[in-house]
Amino acid sequence: MTNRTKQGLATRALHAGWRSDPATGAFGLPIYLTAAYQFRDSEHAVRLFELEEEGHLYSRLSNPTVAAYEAAVADLEGGVGALATSSGQAAFTHLLAALCSAGDHLVVSRKLYGGTLTLVKNTFARFGVTHTLVDTDEPDQVEGACTPATRAILTETVGNPALNVAPLEELGRIARARDAVLVVDNTFPTPCLCRPIEWGAHVVVHSTTKFLSGQGNVIGGMVVDGGTMDWKASGRWPLLTQPDPSYHGVVFSDRFGPAALAAKLRATLLRDLGGTPSAFDSYLLRQSLGTLPLRMARHSENALTVARYLQDHRQIDWVRYPGLDSHPQRERAKRYLPDGCGGMVACGIRGGVEAGRRFLDALELFGHMANLGDSRSLAIHPASTTHSQLTREERLAGGIEDGLIRLSVGLEDPRDLVEDLDRAFSAAR
Ligand SMILES: Cc1ncc(COP(=O)(O)O)c(C=O)c1O
């Protein structure tokens, strides 16, 4: 045996969260298709309902298949607990509802995925949670936007689709000084390429629909509690540190220690909002996790090949990929993404939106759709699709030029990808 405290990521991606079924010995993770669970007796029922004993009581709150998947992702991200949700949007919704009440404030990267921005700008604004949009690449802007009401700073490790790289360590420092929560959407790198909690994030969010799945067959989300927030220190987190009247006076920080947020999310937010994933989807996602390290290495290799090809192409105005020396935050990428920069590439085609349309229509191998992170390569024009509900000014401020094409580079033979891009460029000419 070695004296390492933890097994390697590739080992944990295969083994974490599940050994075998205690009842049958089944080595494969069973899909527990059940809505509820038989109580041992009335005392057991009461103890479960009062959170005095761990266990499953109703599948809106927890399910053994889902729990195995949650434990695996928490392990890979280095968190103390996780909550799987029915989508990435549901993950943010449950998290923000746990952290914020009317009158609270968020500091939000203006380069977030469009859906996260609309959630903050429309739904949470309607509930009285205000926000300031900033460039989280610039720590000074973040610092300047914080107010005494700020509860959280929201950023993506690598922005969708601007591909900016967040200064995680600096953001963590600002959040700690303000007793605010640094929330990092780690969908693009996955824990194989970056683990934001190690850099100071308190909470990690995923759209598991993307690389964590890799198969384009499931919609899902995840919130990982880093266990690094001292909820009690400032007295400004009563929802976690004061008796919860909706839960027989449970004090989450006392009962669950560092995993207070994960417990709160499950016991009250999932109870009330109900964005629960299915056992079947969680089974599929757990299966996918086993190959994640291999896939992310290949995504990164293929994306770098594609980015270099684009960089030299005369029909391209610009290319953005954190693995290229031309990327404005290349040094930051080397620090936070030392094992590869992931599968996403952005570029601007000469000839603007019209040329971009012809290009997309001519692609044969790349799928043209509103998804990313699939093992098969995909492409899209964000300004007219994923980010079309933002104004043009908001898009430009978020680094989304009108002609930006987003490529999600898959695991195919890279020569075939380049051939497909060549064909599309000819059509776009
Ligand atoms: C970075 C990022 N976060 C969150 C989401 C929302 O996830 P979902 O579509 O699974 O609800 C997306 C969706 O594209 C995304 O790209």
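How many salt bridges does the structure hold? I get 23 salt bridges, counting a side-chain nitrogen of Lys or Arg within 4 Å of a carboxyl oxygen of Asp or Glu.

Ground rules before I go on. This is a predicted model, where local features need pLDDT of at least 70 and side-chain atom pairs count only at pLDDT 80 or more, while totals for chains, interfaces and linings use all residues. Residues are numbered from 1 along each chain as its sequence is written, and side-chain values use heavy atoms, with hydrogens and water left out.

I looked up Glu 53, which forms a salt bridge with Arg 40; their closest N and O atoms are 3.1 Å apart. Glu 53 sits in the loop between α2 (42-49) and α3 (64-77) and Arg 40 in the loop between α1 and α2, so the pair ties together parts 13 residues apart in sequence. My element names follow DSSP runs numbered from the N terminus: helices are H or I with at least four residues, strands are E with at least two.

Leu 51 has a positive phi of about 60 degrees, although it is not a glycine.

I then checked the peptide bond from Asn 160 to Pro 161, and it is cis, with omega near 0 degrees. Pro 161 is in the loop between β4 (150-156) and α7.

**Entry: around the ligand**

- Gly 88 puts a backbone N or O atom 2.9 Å from a ligand oxygen.
- Asp 185 has a side-chain N or O atom 2.6 Å from a ligand nitrogen.
- Ser 207 has a polar side-chain atom 2.8 Å from a ligand oxygen.

**Entry: two domains**

The domain assignment, which is automatic or from a database, gives domain 1 (9-288) and domain 2 (293-428). In the contact (heavy atoms within 4.5 Å) I find 40 residues from domain 1 and 42 residues from domain 2. Their C-alpha centres lie 29 Å apart.

How much area is buried between domain 1 and domain 2? About 3,200 Å², with carbon and sulfur atoms giving 63%; this is the accessible area (1.4 Å probe) that the two parts lose on being put together, summed over both.

Two salt bridges cross this interface by the rule. I also noted that Glu 394 forms a salt bridge with Lys 121, with the closest N and O atoms 2.3 Å apart. On the side of domain 1 that touches domain 2, α5 gives the most, with four residues.

Definitions and conventions. A polar contact is a pair of N or O atoms within 3.5 Å; within protein, one must be able to donate a hydrogen and the other to accept it, and residues adjacent in sequence count only if both atoms are side-chain atoms.
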